[in-house]
Amino acid sequence: MATPLGLSLPQGSQYDIGRDVPAVARAAEDMGYESLWVYERILYPEPAAQGLYGIPGRPWPDAYRSVADPLITLTLAAAATERARLGTSVLVAPLHIPFQLARSLASLDAASGGRVVAGFGTGWSRDEYAAASVAPYERRGKVLDELLDVCRAVWGPDPVAYEGELTTIAPSVVGPKPARPIPILLPANSPRAQRRLVDRADGWMPVAAGPEALTEQAQTLKELAAERNRTRPLHTVLRANTRYTPKAHEGTRRAPFQGNVAQITEDLAAHASTGAVNEILIDLAGSTRDAKELRDVAAEVYEAARAAGV
């Protein structure tokens, strides 16, 4: 059976958001992509208080200089499509008021006919936390835990009632409700995050770092799930951050998903063959020059992947 493929939506400064998001979303759905995805970056500090992913001295990519709001982007895509699922990979939970985010996702799911997939993370940028967080950086895991609690409450039956550190909901009617239970996906970048994922989430969102690493991470989660008596399978959506180039990347030290369509397809096939993923999100939008190139490359990648048996 073919692996479902998803595509990132155009959020960067090289795109006309109002025109390009609907156009790319419609085109991707017509090509056969089964899901459409957004990510979240809220600012580009100059100079940054910390390097990319918290690694000292590692520069932020230029693509982060301007990133359209993820929920507005998904709303534009929802209005232009009929079938494709609408995912976040990821929303940085502590940058949002939990109750408001839960309501926004519920409204989007109701409006789209039950197509939202909620990927949450804790983020890594202290600059973003300084600008917008609802709690200090050191409490980011607790904020994510509360967000998960609030979402389950708000999306569940009325009356909704909840009391936490950040959120108090008196018994209330809260609507609209999602069209169906919204799947929650989480990363698993630490032992605590792995336990949260196994205990509380519907699925896992790893970042592609090679088939061997993926297989090892999946086995770790499988063993942890058995230890914690989880019987429900995890739906795994692999995020493939591409660095597309028209010509093949030359050299022996090619990072996964770096290069031309043939090389990207080779990596798709290698990761899919592990049997550890249920779906692959292909992020092309960060390295294509405009919406036309994004559509063209997305079509080539999709056709090549299907021809390769992905």
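Reply: What follows is a walk through some of the salt bridges, one pair at a time.

The model is a predicted one, and in it the count of salt bridges comes to 20. One of them joins E46 to R65, whose closest N and O atoms are 2.8 Å apart. E46 lies in the loop between β2 (35-38) and α2 (70-80), and R65 also lies in the loop between β2 and α2, so this pair ties together parts that are 19 residues apart in sequence. E46 has a relative accessible area of 60% and is therefore exposed, since the cut-off for that class is over 50%, whereas R65, at 44% relative accessibility, counts as partly exposed.

Another salt bridge links D202 with R152, and here the closest N and O atoms are 3.6 Å apart. Because D202 lies in the loop between α6 (191-200) and β9 (203-204) while R152 belongs to helix α5 (residues 140-155), the pair ties together parts that are 50 residues apart in sequence. With a relative accessible area of 38%, R152 is partly exposed.

A further pair is formed by E293 and R289, whose side chains meet in a salt bridge at 3.0 Å, N to O.

Terms used: Residues numbered from 1 in each chain as written. Predicted model: local features only at pLDDT ≥ 70, side-chain atom pairs only at ≥ 80, totals over all residues. Heavy atoms only, no water. Salt bridge = Lys/Arg side-chain N within 4 Å of Asp/Glu carboxyl O. Helix = DSSP H or I, 4+ residues; strand = E, 2+ residues; numbered from the N terminus. Buried < 20%, exposed > 50% of the residue type's maximum accessible area, 1.4 Å probe, protein only.
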